[in-house]
Amino acid sequence: MDAFWIILAGSLVAIPCGLLGCYLILRKMAMIGDAISHAVLPGIVIAFFVSGSREPVSMLLGAGILGILTTFLIEFFHTKARLQTDAAIGVTFTWLFALGVILISVFAGQVDLDQDCVLYGEIAYVPIDLWITDSGRIMGPRVIYIMGMVFLVVLCFILIGYKELFLTTFDPAFASATGISVALWHYLLMGAVSFTTVGAFESVGAILVVAFLIVPPATAYLLTEDFKKMMLITALLGLVISFCGYYLAVWLDGSIAGAMSVVAGLIFGVVFLLHVVGSRLPAAGRA
Amino acid sequence: MIHQVENPVVELHDITVSYNRKPVLWDIDLTLPHAAIIGIIGPNGAGKSTLVKSMMGLVEISSGYVKMFDQDLEQVRSRVSYVPQKESVDWDFPASVTDVVLMGRYGKLGLFTRPRKADKEVALECLRQVDMQDYANRQISQLSGGQQQRVFLARALAQEADLYFMDEPFAGVDAATERAIINLMKTMSKQGKTVVVVHHDLQSAQEYFDWVVLLNLRLIASGPADQVLTPELLQETYGGKLTLLAEVGALLTKKEFPSREKG
């Protein structure tokens with residue numbers, strides 16, 4: 001049963017991350033996902049203080065606000081100070097993340113959070129971190145509920161906004177000429193990334209969220225030239241990675257989140273090699 | 001030489017646009033006629049694209065206003081179409097030709113609605129008009145420069161607008177595509193539609209356009225093509241560059257210099 005819960009939790013993190021990652025890599029903003037996943041940390045800590053518990057709603061809210069703030073700051077440094085986007089990303093997320101680390105270390109005594117948990121997460125605890133109602137009824141692992149909710153919200157967001165996200169990603173100038181607000185969809189997408197990241201950080205940690213945001217979509221991008229298929233392949237990869245990652249970790253008796261990332265990287269490597277060989281062959285045939 | 005027209009399709013009043021406080025368009029005041037093919041012509045960096053973008057509300061205007069069909073753009077958006085420069089998008093994007101043309105229907109669909117069968121039929125019909133119907137299911141990464149431009153035009157046609165702004169539609173396309181595009185524009189203007197084209201080739205201007213706007217940071221001229229495309233006005237637009245080239249040309253013919261040195 002433990003295996004089932006852990007693989008389910010992994011998939012519920014990997015699929016929404018991957019779907020949003022498809023848009024991020026096509027917008028050439030993959031590193032913004034990295035930035036947001038780190039920069040939400042102070043938001044989480046502050047939300048923890050305000051609410052006094054690891055209650056998911058206030059944490060998602062705190063992280064969501066910080067995520068939007070991060071995006072806004074990056075845009076601001078880029079447009080107003082004419083700093084290159086990658087430099088703006090580097091400046092913004094490092095100091096926000098550092099601020100979060102300081103907040104945690106200063107209030108370490110009062111806070112049930114630590115840097116290790118934030119950075120690496122621990123998906124192995126999913127089955128024992130149960131949601132128990134006031135009446136004492138055991139509802140099952142807490143993370144499954146949180147990520148299930150995130151998964152549904154992200155799915156609805158993409159289903160409702162599919163056209164607008166697709167168009168603003170491909171051709172923002174044309175989108176705004178037809179009256180679709182490019183800025184609104186940009187911030188909605190960034191909000192969704194923040195929201196997903198913070199939901200996921202407890203189980204897989206900030207660093208490994210980045211792997212789920214970028215590696216499956218990058219792999220799918222090499223495999224297909226159809227955007228809908230790219231999202232479908234990304235989702236399937238999420239399932240495969242969670243499944244294989246778990247059993248790799250059991251076999252090695254190592255970190256589950258680490259094993260999942262390694263599997264993601266291996267699949268990308270294999271697809272990349274096939275892609276290179278595949279695109280070389282016709283050229284060799286012609287020569 | 002600035003002709004104003006009665007009942008214009010587009011009216012620009014005292015438009016000034018600045019980038020980082022440096023004005024790139026000065027005090028543009030002009031009116032454009034209905035059912036015409038209109039060329040915006042000027043040297044590189046003259047602000048041609050910026051002028052079109054400011055009309056479409058894509059760059060911030062420091063002063064002045066734009067009216068289309070005597071209204072603000074917001075009220076008549078569904079009647080106005082914009083074709084960006086084809087270099088402005090990533091053609092390796094995972095999308096098919098039909099996907100891109102269907103984007104022209106999004107403005108009419110609104111949130112929550114997916115393109116229906118009727119929209120797909122419109123898209124296919126628009127592809128037929130640019131002679132790209134056989135490429136409907138092709139991935140856009142496989143298209144040539146000319147085909148990319150045709151797809152962008154089909155997307156604009158799918159908007160079923162009355163006023164079209166096209167940014168450099170003839171740049172980097174093959175001769176057959178250029179011919180096809182100009183024929184399409186002529187058909188459109190016969191149907192009462194207005195096409196505004198950013199253009200950089202002086203030689204074809206006389207043949208292609210009914211109305212010409214000469215621009216070099218400020219408005220030099222706006223009027224019927226045969227009255228505007230005069231050596232004096234072109235010299236004023238292109239300034240020293242054209243004069244220099246004209247002198248070199250004169251020298252070449254007089255002295256019979258080889259146009260290229262023999263190696």
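**Close-up views of a predicted two-chain model**

**View 1. Helix α1(B) and its buried residues.** In α1(B), the buried residues are B:K48, B:T50, B:L51, B:V52, B:K53, B:S54 and B:M55. That makes seven of the eight residues in this helix (residues 48-55 of chain B), so it is mostly covered. "Buried" here means 20 or more other C-beta atoms within 10 Å of the residue's own, "exposed" means 12 or fewer, and "partly exposed" is in between, with C-beta atoms placed from the backbone. Helices (H or I, at least four residues) and strands (E, at least two) are DSSP runs, numbered from the N terminus. Just past α1(B), B:G57 has a positive phi of about 70°.

A few ground rules for all views: this is a predicted model, where local features need pLDDT of at least 70 and side-chain atom pairs count only at pLDDT 80 or more, while totals for chains, interfaces and linings use all residues. Residues are numbered from 1 along each chain as its sequence is written, and chains are lettered from A and ligands numbered from 1 in the order in which they are written.

View 2. B:D70 counts as exposed because it has 12 C-beta neighbours inside 10 Å.

**View 3. B:R79 in its loop.** This arginine falls between α2 (73-76) and β5 (80-83) of chain B. With 17 C-beta neighbours inside 10 Å, B:R79 is classed as partly exposed. Leaving out residues up to four places away in sequence, B:R79 touches B:F69, B:A161, B:D162 and B:L163; a contact means that two C-beta atoms, placed from the backbone, lie within 7 Å. B:I140 is 61 residues away along the chain, and its C-alpha atom is 27 Å from that of B:R79.

**View 4. Where α3(A) meets α5(A).** The axes of helix α3 (residues 41-51) and helix α5 (residues 85-106) of chain A come within 7 Å and cross at roughly 35°. The α3(A) side of the contact is A:L41, A:P42 and A:V45, and the α5(A) side is A:L96, A:F97, A:L99, A:G100, A:L103 and A:I104. By type, that gives eight nonpolar residues, one polar and no charged. (Ala, Val, Leu, Ile, Met, Phe, Trp, Tyr, Cys and Pro count as nonpolar, Asp, Glu, Lys and Arg as charged, and the others, Gly among them, as polar.) The axes are lines fitted to C-alpha atoms, for helices over the stretch in contact, with angles from 0 to 180 degrees between N-to-C directions.

**View 5. The largest nonpolar core and A:L20.** A core of this kind is a set of buried Ala, Val, Leu, Ile, Met, Phe, Trp, Tyr and Cys residues joined through C-beta atoms within 7 Å. The largest has 158 residues, and A:L20, A:M147, B:V101 and B:A154 have the most contacts inside it. Helix α1 (residues 2-26) of chain A gives the most to this core, 14 residues. Beyond four places in sequence, A:L20 is in contact with A:V154, A:L189, A:A192, A:V193, A:T196 and A:L213.

**View 6. The chain A side of its contact with chain B.** Here 19 residues of chain A are in contact with 18 residues of chain B. On the chain A side, α7 (142-170), α8 (172-177) and α11 (227-252) each supply at least two residues. That side splits into eleven nonpolar, four polar and four charged residues.

**View 7. Confidence along chain A.** The average pLDDT (the predictor's confidence in each residue, from 0 to 100) is 84 for chain A, and 90% of the residues score at least 70. Where pLDDT is low, the predicted coordinates should not be read in detail.
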